[in-house]
Amino acid sequence: MTEPNSDSGNTPREASATRAHTVRSYADLTGEVESKIVEQIGEQHARLVSRLSEVGAIIVIASGKGGVGKSAVTANLAVALATRGARVGAVDADLNGPSLGKMLGFLGNQLEDRPDGVVPAVGVAGVKGISTDLLIEEGVPLRWKGPDHDQFVWQGVTEAVALREFISDVVWGAIDYLIIDLPPGTDKIGRFLDLVSEVGPSHLQPDQVLLVTIPSEVAGAVVARSATQLLEGGVPCIGLIGNMAGYAQPGRDDLLPLFTGPSAGDIADRVGLELWSEIPFDPVFGSRTDNGDPIGTEGDSIVAQVFTDLAERVEHGPGGREEEK
Amino acid sequence: MKFLCVQCDEVMSFSDRDLPGDGTITALFSCGACGREMAMLTNPMETQLVTSLGVEIGGRTVPEQPLQQTRSRLDAPRDDAFADEEASLAGDPGSSSTIPATEHEFVRIRVTWTSEATDRLAGVPKFVRGMVKRIYTEYAQEKQIEVITPDVMDRARSDLGLEGM
C-alpha cells in the first residue's frame, strides 16, 4: 500500500500528478530550441532550392515496375540531349541497384570535394552523374550503418536523405536538364515528389515525368498505379514510353512482337496518358548501353531515330530548351 | 525536446554530447540557475531515427559537409571514391590555404601547417577531413595565426566546442 506524503497528506503518485500540473508545458517555454531541428531541416531544403535554381528542367524517369529499362532510357535520353547541345546531369536514384555509372561510362571515376559541394563524375557526351556506384565497392550491396534489427524503421528515411544529398550537395552548375532515374516501386515516386515538393513555397514539381513500360499486362497494371499517383500529385506533364516494343529486324521496317500483352499504345489509352515513344528491342542498343556507350542519337537505326524524336519532344516540353512559353 | 529544471523552473541548456561509438548518444543538459545536470541517453534505434534525418542533437556547430549523411552512413564505402586529399596534406606543410575568402572582416593571411599538425589531421576520418581542415584554417585566419600546430588545433577545439574532432 502506498504511504501518504507526510507534508501534504497525498500519496507520492498524487503528489507527482499535482506537481506535473504546475510544470510548464513545451508551448509555455520561450527561447531557442537547443537542437534547432526544424532550422536544420530548413537549411537542408534551402540547399536543395539553391541547387535546383540552376537547373532548367527536372526530368524524372520512372515506372513503378522493375526490369522495364528505365536506366537504359535515362542513359540514352541523357546522351541524346547532350549530343544536341544541352547541359545534362543524371542522378541515379536507384541507390540499391545503381547502373548509370556503367551505362554512362563514369564508373570508377573519383568525385572531388569542394567547399560548395561535390564535383560530379563526367560520362559520355559530357553528361554529369552521381550514383552509389561511385561510393561503394563494385559487387558490394548497399548497406547502411545502424542497428541490425528493424532496419525498415529507419532505412527509408536514410535513403531519402541520400537522394536529397545527391541533388543538393552535387555541384551541377547551370544545366539544362537534371534527369532523375527512379528505382522500381510506386512508393519511390511518391517519396521523390514529397522530397522536391517540400523545398519551398513554389511547391516544386518535376517538369516532365516519363513512365516506362513494356508490352505486358503486369507492367501496364503497375504503370497505371504510378500514373494515378503522379496525377494525384499534380504532376502536369507525364509521357509514356513503351520499351521493348517489338524486335527490330535488320533491313526491315516492321517489328516482330516480343510480348503478347497490350501494346504501349493500349496501355497509354487505358491509363489516360500520351504515348511519347516506342523503343524497339535492339541487341546493339542493349549491348552498347550496358558497356557505357549509349547510342543516343548516333547513327540511322530505328532506336537512334526514336531517341532523337524523344529528345526533341523533351526539349519542347515544360522546362525544355525549346519550350514555347 | 527541451528539459526543464522543475525546482528552478528554468530551461536546461545543452552542455555536451558524447558518441560512445555503440550507436548511442549521451547528451548533457544543465540548469543555469542551480547547476544541476542531467544526461539524456538514447538507444541505438532512437539515435538512428534522429540521425537519419540528417540533423544533429544539440544543434549543428560546424557546417554540413557535402554528402555528409550519405558518406558517413555507408557501411562499406569505396576507399578511393573521392580524389585523395592526402596530396594536398602530405608533404606540403608549407603550402598556403586555398580556402576562398569569406565575409569575415579579418585580413586573410597565408596559413601553413606543421608536419605534426598534418599528421594529426590525417587521423581524422576521411569523409570529414576536408571539413575539419577548413574549420581549423578558418579559425587560424580569424585569429591571425600563420602556422597551425597541434597546440593551435587544441585551442580551436576548445574555443569552438569541437571536442571529438
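Let me start with chain B. Read from the N terminus, its elements go β-β-β-β-β-α-α-α-β-α-α-β-α. That makes six helices and seven strands. One caution before I go on: this is a predicted model.

Some totals for chain B. The chain has 165 residues, and 43% of them are buried. Its accessible surface is about 8,400 Å². Carbon and sulfur atoms hold 52% of that surface. Now the contacts inside chain B. Take those between residues at least 6 apart in sequence. Of these, 46% join residues at least 24 apart.

Next, the backbone of chain B. Two residues deserve a look here. Asp9(B) has a positive phi, near 55 degrees, and is not a glycine. Where does Asp9(B) sit? In the loop between β1 (4-5) and β2 (10-11) of chain B. Asp9(B) is partly exposed, because its relative accessible area is 37%.

Leu67(B) also has a positive phi, near 60 degrees, and again the residue is not glycine. Leu67(B) lies in the loop between α1 (44-52) and α2 (68-73) of chain B. Is Leu67(B) buried or exposed? Buried: the relative accessible area of Leu67(B) is 0%.

On to the interface. Together the two chains bury about 4,200 Å². Of that buried area, 59% is on carbon and sulfur atoms.

Now the polar side of the interface. There are 17 residue pairs in polar contact between chain A and chain B, with both residues at pLDDT 80 or more.

The partners are Arg71(B) and Asp113(A), at 2.7 Å from N to O.

Let me widen that to the whole structure. In general, side chains of opposite charge can pair when their charged atoms come close. Over all chains, the search finds 15 salt bridges. I will pick out a few.

First pick, chain A. The side chains of Glu217(A) and Arg270(A) form a salt bridge at 2.8 Å, N to O. This one links distant parts of the chain, with the two residues 53 apart. Glu217(A) is in helix α7 (residues 217-232), and Arg270(A) is in helix α8 (residues 264-271). Glu217(A) counts as partly exposed because its relative accessibility is 47%.

Still in chain A, there is a network. Salt bridges link Asp187(A), Lys188(A) and Arg191(A).

Back to chain B. Asp80(B) and Arg78(B) form a salt bridge, with the closest N and O atoms 2.8 Å apart. Arg78(B) is buried, at 10%.

One more in chain B. Arg157(B) pairs with Asp154(B) in a salt bridge, and here the closest N and O atoms are 3.8 Å apart. Arg157(B) is partly exposed, at 23% relative accessibility. Asp154(B) is partly exposed too, with a relative accessible area of 36%.

Last stop: Ala93(A). This residue is in the loop between β2 (88-92) and α4 (100-103) of chain A. Ala93(A) counts as buried because its relative accessibility is 6%. What is Ala93(A) in contact with, leaving aside neighbours within four places in sequence? Leu163(A), Ile180(A), Asp181(A), Leu182(A) and Pro183(A). Then there is Ala62(A), 31 residues from Ala93(A) along the chain. The C-alpha atoms of those two alanines are separated by 10 Å.

That is my tour. Questions, please.

Definitions and conventions
Residues numbered from 1 in each chain as written. Chains lettered and ligands numbered in written order. Predicted model: local features only at pLDDT ≥ 70, side-chain atom pairs only at ≥ 80, totals over all residues. Heavy atoms only, no water. Buried area = accessible area lost by both parts, 1.4 Å probe. Salt bridge = Lys/Arg side-chain N within 4 Å of Asp/Glu carboxyl O. Polar contact = N/O pair within 3.5 Å; in protein donor to acceptor, adjacent residues only side chain to side chain. Helix = DSSP H or I, 4+ residues; strand = E, 2+ residues; numbered from the N terminus. Buried < 20%, exposed > 50% of the residue type's maximum accessible area, 1.4 Å probe, protein only. Contact = heavy atoms within 4.5 Å. Areas by Shrake-Rupley, 256 points an atom, 1.4 Å probe, with all protein chains shown as cover.
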